[in-house]
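Reader: I am new to this structure and would like a close look at a single part of it. Could you take me through one contact surface carefully?

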Protein chains: 2
Amino acid sequence: MNTVVVGGGVIGLATAWRAARRGVTVTVIDPAPATKASHVSAGMLPPGHEQLIGQEDLLRLCMTSRDLYPSFVAELEEFAPAGFRRDGVLDVAFDEDSMRSLERQRDLQESLGIRTRRLSPEECDAFQPGLAPVVGGLLSPDDGSIDPRVLNAALITAVEALGGTVVRRSVVRVGDHTVTLDDGDAVAFDRLVLAAGCWTHHIGGFPDGAVPEIRPVKGQVLRLHADPALLKVTTRAFAKGSSLYLVPRPDGELVIGSTYEERGYDEVATAEGISALIARAAKVIPGVGSLRFGEISAGLRPGSPDDLPVIGPTAVPDVYMASGHFRMGVQLAPVTAEGMAAYLTDTAPHASVVPFTPLRFSS
Amino acid sequence: MNTVVVGGGVIGLATAWRAARRGVTVTVIDPAPATKASHVSAGMLPPGHEQLIGQEDLLRLCMTSRDLYPSFVAELEEFAPAGFRRDGVLDVAFDEDSMRSLERQRDLQESLGIRTRRLSPEECDAFQPGLAPVVGGLLSPDDGSIDPRVLNAALITAVEALGGTVVRRSVVRVGDHTVTLDDGDAVAFDRLVLAAGCWTHHIGGFPDGAVPEIRPVKGQVLRLHADPALLKVTTRAFAKGSSLYLVPRPDGELVIGSTYEERGYDEVATAEGISALIARAAKVIPGVGSLRFGEISAGLRPGSPDDLPVIGPTAVPDVYMASGHFRMGVQLAPVTAEGMAAYLTDTAPHASVVPFTPLRFSS
């Protein structure tokens, strides 16, 4: 069984690794693996969000992925470090409306059995000195983050260690159990996984409408460096209906995201992107201005027609899809990879994955 | 005659080159040549500034350097491109006070025979579309800029082509006609040139007070990329007593400077440095926000005790100094290098250089 995975971001790589573990021969094809959306991502792994209320299917998918994360990481770390931290996520509200949202989030988390602690303004300040004055906060001590750059590197190592291949080329066209690369070479497959994010439907050769269109949603992310660390744990700040996240790394890097821009395939990191992120971060942690600049980068989040993930077999025989994870690619990598590996070995995927079938877009 | 030049910034390199051309054997010693203040500099070469009024000696030095620049570049370009542009400098005023300063600058320039044209707000807008509304402007069509990174690279090439040596080490101590390097090696000299900017007085072995202290004055400079170019020529914007400069390069790079920070040897490029430069630039050219981020860097300008350049023999026999150029290192490189080469070959330097003797600080 030779399975070709088109796309070497976190979804394609994680799928390839989990399939390889089940004995599938995998070939990942990507002109520049691990350099796009998941490379830019902060890798935040928060337990909940008010916006998940009422989104039962997505909530179940998130919770399954959260449950899978520790074992996913433990198995991956047999190959290389994965950059996983479960040292807490602190949510803080800067106005009363945001605090009410956090209270709904707390109710959600408690109903799911997720440890959650309501913090007073004083407790927020004591837990995380340097914060601007907040209305209140929520601490989820069992959640955290993963460094997607470390994760992606570990996944490539693991895929190759299990006999998989990473081919650094572009797929331009799909034929009958064959993909054609940009250098004219052909690669045969028994099964094909489309995991190329917003570039998925640029691959030629599919019948019209067989592959849902994945649109790019640009996000810019800023990396600063603090020595000593400015933040103790991953922090999300909610104010006036918008949110900002700040994810600290052990080496002092502080990842701050993100902008939200519908601009097609524009991947340019701009002056105003940096300015906006610094200005918003300075309202959360006034000391942020004096931090050393590290990097500004832009990624294209993959948005499906209903903004929900697309996981499973498509209408084209032997062609599968794993994309459309929007802001949640890193968070949903374990459940997606596990589900895809099940499909690719003709076993039943976890029930939480089933609603995300690509066939929901077929008329 | 073996002359050792300590410091491989634009002043040290230019001095070494001009001395080598006169037959002096030169050795430039720098742990990382062409990476400090002049590497960060925008390389603006404006004809005048209101602040030069009344500073007769400095004005004469600037004008001599301006006169030397074309032949300096022409001779250097026998070795490598120098990145010189004389396509104009546009000064614009955003308030009446600033406009009055520009008028004084125009009077100064006209008294010096420098071509200068007063522009109305409409003429500014026609000449440079995209500018925010101005009170008025001044165009100096015969002035421009040089890319200091291109210039420094050309100087290294020229020094080496003429038999000079660039040693990538630090000088830790000076003894009798010998410098000791950080690896313990000793290099003998007949004459020594101190051109290590604000690191000059970190070299041990000099009698107290023999070498004036050069302090670091931090400046952060932002590099964006515009395609097509946003600015036609080097532009200086004056508002509320402060100024900002924007220097375009042929490849679309736009260099924006600078901050002014007295923070010792701190060379950290910060979040607030970027924010401040972008915010100030957006008031001059509103379109700047959408430009691609290129680089933020910080340099330490060398400030002498009276903030004026220090050029010539010190009180220590056979030890010379070329430093303290503050914001003007790139602008004053030709006159400084020519003056130093004269001193090093026992000929008379240009009269404009004489007042900048290091001996003025001796009591």
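**Where the two chains meet**

Author: Between chain B and chain A there are zero salt bridges, a salt bridge being a side-chain nitrogen of Lys or Arg within 4 Å of a carboxyl oxygen of Asp or Glu. The model is predicted, with local features needing pLDDT of at least 70 and side-chain atom pairs counting only at pLDDT 80 or more, while totals for chains, interfaces and linings use all residues. Residues are numbered from 1 along each chain as its sequence is written, chains are lettered from A in the order in which they are written, and side-chain values use heavy atoms, leaving out hydrogens and water.

On the side of chain B that touches chain A, helix H7 (271-284) and strand E18 (292-303) each supply at least two residues, helices being DSSP runs of H or I with at least four residues and strands runs of E with at least two, numbered from the N terminus. The largest share of that side, five residues, comes from H7(B).

In the contact (heavy atoms within 4.5 Å), 16 residues of chain B take part together with 16 residues of chain A.
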